Structure formats: C-alpha cells, structure tokens
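Welcome! Please take a moment to look over the sequence and the 3D structure, and then we can walk through them together.

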2 protein chains.
Amino acid sequence: MAKLDFSPIADTTRRAEIVALLRRAILTGQLEPGQKLNELRISEQMRVSRAPLREAMRELVQEGILTSIPYAGTFVIDVTAKDIIDAYSLNKVLDEFAIELAWPLRDQRFFDELDRRHETVKAATRALDTTRQIETALQLHGLIYEWADNSVLLETWQRLTSRLQMYFALHQRARNEPVPAEDVHETYVALLKGSDMRAAQRHAREHIDLDFEELLAYARGLEKRASTGADRPR
Amino acid sequence: MAKLDFSPIADTTRRAEIVALLRRAILTGQLEPGQKLNELRISEQMRVSRAPLREAMRELVQEGILTSIPYAGTFVIDVTAKDIIDAYSLNKVLDEFAIELAWPLRDQRFFDELDRRHETVKAATRALDTTRQIETALQLHGLIYEWADNSVLLETWQRLTSRLQMYFALHQRARNEPVPAEDVHETYVALLKGSDMRAAQRHAREHIDLDFEELLAYARGLEKRASTGADRPR
DNA sequence: GACAATCAGATTGTCGACAATCTAACAAGA
DNA sequence: TCTTGTTAGATTGTCGACAATCTGATTGTC
C-alpha cells in the first residue's frame, strides 16, 4: 500500500472559526486593547448565536489575550510597559532553552524549512504587508521551538507569541510607517546554520533587544494616555 | 483613611464553580487520563445546564488538562513519559529564572510567607493527606514565582503546575502507599533564605531530579499498558 | 446642592430544545 | 468472508428565550 500521511481534517465547528476570527482581529490590532466585546452585537455580525461565541471567548480568555469580569463583560487585554518587559524577558530565557534543545536535532529538513520561512518573511517585507511580516517573522522564529521536540515548551511559546504579535501589531499601527525594507533576520538564520551554539543564543538575545527598545517606547506612550479610553474595565 | 487591602470578591458564576470542581477532580486523579467527559451526565450530576459546563470545559482545554475532538467528545489528557520529561525540563529552566528574578526582591514578608507555606506542607504531611501534601508543596514551590514580579512567568508556571500536580497525584494514587514522613523541603527553604543564589538554583534543579525518577518509572508503566483503556480518543 | 433609594435599560449568565454529527450494529451484495 | 450501505441511538454543537446582574439616570429627601 502506498504510504501517504494525510493531515488532520480541519475543525468545522462554528466555535473554531469564531476563535480564529476573533484572534486575528485582536492580534492585528483591529480590536484595541481594553475594548469591550459586546456578545450580542458580535454574534449578530457573525450570524451565529451567542453560545459558540461565548465558548470561543472562553478559549481566548485562557489564551491570555482576553480578560473577563463576571456580569461586566469580556475585554481585550490591556497592554502595559511591564507586560511587554515581562513577556520579552521570559522570551529570552525560552529562546536560549529552545536553541539548546533544537541544536543537536538540526538536519537538512531543518535548514530547508529555515530558508523557506526566511523567504516568506522577505516576500511579505517586499510586499509591504506589515501584518503578514510580523506573522511570518514570528513563524521563522518559532522553528527552533518546533524543532526542540518539547511539546510543553512549544505550547508555552505559542501563548507568548500571541501577545508578542499583538504588541508588534499595535506598535506598527501606532507609528503608521512603511516597514523597514532591510533584512534583519539574515544573521539569525546564518548563525542557526553554523556550529557555534553559544553565538546563536547570544544573538537571539541581542536581536530581541533591538526591536524591544522601540516597542517599549511605544508602551510607555500607552501608559501615559491610559485610563482615558471610553469603555475599559475598572 | 485606614489602609486596608480587600481581596477580590469571589466569582459567583456557575461556570467558575464548575471549573474549580472539574479541575480538582482531574488534578487529584479522580478523573483518569484518557477518560471521556459526558456532558449530559455531568450536567445532571451537578444540576446545571450544559451551557456553563461546556464553557468551563473550554477553559480547561485551553489550560491544557483536557483535550477536545469536535463531535467526538472532551477527554482528560493522556499522560506519556515524554510529557513528564518535557514538563520537568522546562520547569527547571523556569525555576532558575524565577529564583534569579525573585532573589533581589526577597524581604521579611517573603521569608515569613516561606515559613508559613513550609509549615502548611508539614501539617499536610503529618496528617497523611496525600492530595493536600502535593498541593501545598507546589504552593511552597510557587512562592518564588509569585515574588519574581513577572506576570507572564507566573502564569506560565501555573499552567505547568496543573500538569505536575496531576502527574504527582496519579503517581501517588498508583503506588498507593502512605506519604514519606520526612521533610524534603528543609534544604530548599534554607537555601532560599541564604545568600548563595547559585546554590539555590542548583538545589532546585537537583531536588526536582529526585522525585523525577520515581515519576518517570510510573509514566513508563503507563506507556506499556496504553491503548487498552475503554473510552479513549484515537 | 448633596446624598440615598428606586427604577428602566442594557448586558451577561443560564436554561431547555432542536439540529448536526458520530458510532456501532446490522443487512446486503460480491 | 469481506466489504459496503443503511439505520438507530447516543452525544456534541447550536439556537432562541428567560433569569440574574450591573449601570446610569431619575426621583425624593434632608
């Protein structure tokens, strides 16, 4: 019999689609931090009942990008400078660990996939598609996690990534400028192909610090004009 | 005005109570790995409708202790040896990080709380209350995370802890023996009070490895008699 | 005018019923 | 005997309606 691995059938519940829709809206910044999600309005817009919508929202609450207050509502999480610092400092630690685990497991397929994802980022950059650039850059970054062969680590990183993507999207949205055309991932990719693990770990840490400064400045801006929004939870 | 910090009002939704009930049942091993959760039956037992039950189950799925297959059902996660290895190795990394962050923030309140939790563990140990012993030991362990002042790290650890608690409970349940009466946390507490951070980090790592061997043996046992259970997802 | 009590509107939480899907047993045909 | 088609039962997914709760405005009282 011919050996063929089929990928799992897509989830076809409304709930799953709603989760995807909402997550996308939040991570791209279409839904702003602190904003309230009105169940009735959203369910009418999506043409679904509140039941699957509410279940979807429960998932996103646990995923950490929504927050819920009983009988008051469900809100997009607020972004504080501290949150960004916290997420980034943890990300550094996880990165070092992931590189350590993935390092001995690198093979041709790893390198090929690395190049493929790198190309995807470059394509998005050339197309000036900011949202997609953020998304693909994180996917490139995620390869070491997928290769690390530690399901708990991967899961943890994916949760963290949700927030990072949101932060970056907000940042990009705020400054409203075209994306830098230069390739910031060249060195990272090269180091992952090389033989010096410590160097790769070091670069991952420093490279992160690069974008970080910009992001922090943005977050501090947010802090200042906080608590002026229309509908935020108290 | 007298300064007084009130603790938040308890969540009074059915959903929240159901989450607590189910989580407890899973983490204490009353619900076994792989077991299917029949919505109708559980909702009747709890005297609630399926709506809040289903929302609660969604939360636990995202929390990582349930898994769901559309139109097939929701199941308690299976425990494999690999899962335990993965969780533990990540836990080591996080522990080192948490100690590093918490170290300069230690104060009298920290030491007091450390002692208090240590006492709680000893009380549970004396009472031969296995479940509570596991629970309190993890709470003792969690203090450094609470003190690290990194919300993302804390959240990550809490998710990880859910599984660790489940693994330990299953292990204890399986061997069906009284709890060791000796105090295995004495050194850990002493080191956290000391001045040698590296030593504390080293001990955290080694102490973990101690229980780990036992737990792994149990997990390997599980592996062998896997796929013989009655109602497991495929 | 300041403050407490009351009330209407809006929103979230929960319920019971129906629709969609899966599973397993059975029947029919090669 | 093996495979395929059918069907009944059970279970999950979704819906619309009702109950509980919150918010903000209004009223009444001092």
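Let us begin with the interface: 31 residues of chain B are in contact with 31 residues of chain A, contact meaning heavy atoms within 4.5 Å. This is a predicted model, in which local features need pLDDT of at least 70 and side-chain atom pairs count only at pLDDT 80 or more, while totals for chains, interfaces and linings use all residues. Residues are numbered from 1 along each chain as its sequence is written, chains are lettered from A and ligands numbered from 1 in the order in which they are written, and side-chain values use heavy atoms, with hydrogens and water left out.

Between chain B and chain A about 2,900 Å² is buried, and carbon and sulfur atoms give 54% of that area. Buried area here is the accessible area (1.4 Å probe) that two parts lose on being put together, summed over both. B:R58, B:Q62 and B:V152 supply 19% of the area that chain B buries against chain A, more than any other three residues.

Charged groups meet here too. The rule finds ten salt bridges across the interface of chain B and chain A, a salt bridge being a side-chain nitrogen of Lys or Arg within 4 Å of a carboxyl oxygen of Asp or Glu. A:R163 forms a salt bridge with B:E155, with the closest N and O atoms 2.8 Å apart. On the side of chain B that touches chain A, the elements giving two or more residues are α3 (50–63), α4 (81–102) and α7 (151–175) of chain B. The largest share of that side, nine residues, comes from α4(B). Helices (H or I, at least four residues) and strands (E, at least two) are DSSP runs, numbered from the N terminus.

Now turn to the sheet in chain A. Three strands form an open sheet in the order β1-β3-β2, with antiparallel pairing; two strands pair if DSSP finds at least two bridges between them. The edge strands are β1 and β2 of chain A, each pairing on one side only. Strand β1 (residues 36–37) of chain A pairs with β3(A) over two bridges, and A:K36 has A:F75 as its bridge partner in β3(A). Strand β2 (residues 66–69) of chain A pairs with β3(A) over four bridges, and A:S68 stands opposite A:T74.

Which way do the residues of β3(A) point? A:G73 and A:F75 point one way from strand β3 (residues 73–76) of chain A, A:T74 and A:V76 point the other way, and all are buried (under 20% relative accessible area, 1.4 Å probe, protein chains only).

Note on methods:
Buried means under 20% relative accessible area, exposed over 50%, partly exposed in between (1.4 Å probe, protein chains only).
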